[in-house]
Amino acid sequence: MALPDFLLVGAPKAGTTALHVALARHPQLYLSPVKEPKFFLTDGGPPEGPAGPGDAQTFREYVWRRDDYEALFDAAPRGTLKGESTTLYLRDPAAHGRIAATLPSARLVAVVRDPVDRAHSNWTHLRSAVLEPEGDFLRACELEESRVARGWGPFWRYVDLGRYGAQLSHLFSVFPREQVLVVLYRDLRRDPAGTLDRICGFLGIATGVVRSVPAENVTAAAAASRTDRLLGRTLPLLDRLPGGLGDRAFPAVRRHLQREQRQRAPLTPAERAALLPAFLEDIALLESVTGLRLDHWRALDAHERPPLDVRGRIGTAHTDIDRPL
């Protein structure tokens, strides 16, 4: 039986993809070739849905059969630690219970990011993929509850996904704290070598082996011509094509929409000031349950956040690191 020894459990848009790729370079680790298998988000059956734009394709990507999930780790060399990354595990209490029941000795790594920045990055990601119909960031956040009521997938929960205090409080209720490592996205960006050593030490493997975090999953702004806007509105319709045609068409359409490689619009100070109150109580809870000091998350002033030196193409259909810090 091949099951993982550790999990990267989230949060979404907090560098988990980049961390997955970085750790896969360590000779003592084996990371599943499928990132985001989402196995513990299900309860022995396929996910229900879809309801939101693009959800049908996402639901088809779930590895929900136990045999298929175990097969992801069959190629792991003898003696290596096996792991996978699913960013939505952190926000799902039911997934916490399933992980604890199936992998009671597993080690979990959670990367948390300034929740306002995370929400904006999440919204921009979906706008770039032309799956977010609302062009106003704050209005999209206001629509969250109504979308949840209509059954839209969890990736549209811009505010809820950033309430790490509540999420980790529940995780600690079912998992021993010494088996959970909480990492700040800021540390992963500012001190990648030191942060990777901390993670490797937590996993019980050699430090000083992996020294950098690669550029993964940068979001570019989509092209803005009228034709492109019309093409973008066809993306949700691709879910309905038979025989896997939609799955094959998605990447080509996204690459076309991102061909101009324009940088995304930054989060404004006014947007930050408007959304930050939604997170203040949870930030305090997160500090209480983890011992972290997160005063910088409460700051309203604009921070200097230089983009990474990204080489090559960017966008949701390409491989580069998310920005800003």
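Predicted model: local features only at pLDDT ≥ 70, side-chain atom pairs only at ≥ 80, totals over all residues.

Me: What makes α10 a helix of the expected span?

Reply: Helices are DSSP runs of H or I with at least four residues, and strands are runs of E with at least two, both numbered from the N terminus. α10 covers residues 192-203 and has 12 residues. The expected span is 1.5 Å times one less than the number of residues, and the 16 Å from the first C-alpha of α10 to its last is close to the 16 Å expected.

Me: Which residues of α10 are called buried?

Reply: Buried means under 20% relative accessible area, exposed means over 50%, and partly exposed lies in between, with a 1.4 Å probe and protein chains only. In α10 the buried residues are A193, T195, L196, D197, I199, C200, F202 and L203.

Me: Why is L81 called partly exposed?

Reply: L81, which belongs to strand β3, has a relative accessible area of 23%, and therefore counts as partly exposed. Its contacts, meaning heavy atoms within 4.5 Å, include L203 and I205, leaving aside residues up to four places away in sequence. The C-alpha atoms of L81 and L203 are 8.5 Å apart, although 122 residues separate the two along the chain.

Me: How do you know how α1 is oriented relative to α10?

Reply: The two helices pack at an angle of about 70 degrees, with axes 12 Å apart, so α1 is roughly perpendicular to α10. The axes are lines fitted to C-alpha atoms, for helices over the stretch in contact, and angles run from 0 to 180 degrees between N-to-C directions. Angles under 35 degrees count as roughly parallel, over 145 as roughly antiparallel, 65 to 115 as roughly perpendicular and the rest as oblique. Where they touch, L19, A22 and L23 in α1 meet L196, I199 and C200 in α10.

Me: What makes α4 roughly parallel or roughly perpendicular to α8?

Reply: The axes of α4 (residues 93-102) and α8 (residues 164-174) come within 9 Å and cross at roughly 25 degrees, and therefore α4 is roughly parallel to α8. On the α4 side the contact is made by P93, H96 and A100, and on the α8 side by Q167, H170, L171 and V174.

Me: How do you know which strands are the edge strands of the sheet?

Reply: The open sheet has five strands in the order β2-β3-β1-β4-β5, with parallel pairing, and the edge strands are β2 (29-31) and β5 (180-184), each of which pairs on one side only. Two strands pair if DSSP finds at least two bridges between them, and β4 (residues 107-112) and β5 pair in the parallel sense over five bridges. Within that pairing, V109 stands opposite L181 in β5, and A110 opposite V182.

Me: What makes β5 a mostly covered strand?

Reply: Five of its five residues are buried. V180, V182 and L184 point one way from β5, and L181 and V183 point the other way.

Technical notes: Residues numbered from 1 in each chain as written. Heavy atoms only, no water.
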